[in-house]
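The sequence and the structure come next, and the discussion follows them.

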Amino acid sequence: AGKLLFFHVPYVLSKAILPMIIPLFVSYISGSLSLACIVTALFYAPMMFESVFSTSSKPARTLTLACGAAIILYLVLFFTTNVAIMFVLVLLLGIAYAAISPLISGRFTQLMGEKNVGEMSAVIYAARGLAAAIGSVIAGIIADAFGLRYVFVIGFVVFVFLFLSRRKIFV
């Protein structure tokens, strides 16, 4: 479970940054707060369908595809200057995150067993809170130092790490 937590923390860190950076970035390139809110909602919309991915018969394959897609999407997001393209990219990124979340939760349950689920849930939520707090601070520092678009590099690096380490977690 320790290895999985090592996988989970960067995942949550990158996921926590997006609701902060997406509206700032969309507002920056379009000047519209309304569009910024719509694009942020598009990121969250796929989360309603996480259960579709929770029953994946090939979780390792799903994880590989979602991580690979996220790497490409973060790379394209870095260069994007068009809000219409942001709509599509953020929606697809939301789908990638929605595919990964239930796989991680399911793997935690497999590793810990039903007896320890409550205790492990507390550890997972603590790690999520810590990752979100650290991610927000890191994102702010990077945005101040290099610009908003460079915050997408965090997600890119995280997903390269997740892609490379996925086989150690999901055999």
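Contact, as the word is used here, means heavy atoms within 4.5 Å. The model is a predicted one, in which local features need pLDDT of at least 70 and side-chain atom pairs count only at pLDDT 80 or more, while totals for chains, interfaces and linings use all residues. Residues are numbered from 1 along each chain as its sequence is written, and side-chain values use heavy atoms, with hydrogens and water left out.

Leaving aside neighbours within four places in sequence, L18 is in contact with P23, F43, Y74, L93, Y97 and F152. A nonpolar core is a set of buried Ala, Val, Leu, Ile, Met, Phe, Trp, Tyr and Cys residues joined through side-chain atoms within 4.5 Å; the largest one here has 48 residues, of which L18, Y97 and F159 touch the most other members. At least two residues of this core are supplied by each of α1 (2-30), α2 (33-44), α4, α5 (83-112), α6 (117-146) and α7 (152-169), and α5 gives the most, with 13 residues. Helices are DSSP runs (H or I, at least four residues), numbered from the N terminus. In soluble globular proteins, nonpolar side chains tend to be buried together.

The table lists relative accessible areas, where buried means under 20%, exposed over 50% and partly exposed in between (1.4 Å probe, protein chains only).

| Residue | Relative accessible area | Class |
|---|---|---|
| T62 | 15% | buried |
| L75 | 42% | partly exposed |
| C37 | 53% | exposed |
| C67 | 0% | buried |
| V158 | 9% | buried |

Helix α4 (residues 59-79) holds T62, and L75 also has its place in α4.

V158 lies in helix α7. Residues up to four places away in sequence aside, V158 touches P10, Y11 and S14; V158 and S14 are 144 residues apart in sequence, yet 6.8 Å apart in space, C-alpha to C-alpha.

How many disulfides does a search of the whole structure find? The search finds zero, a disulfide being a pair of cysteine sulfur atoms within 2.5 Å.
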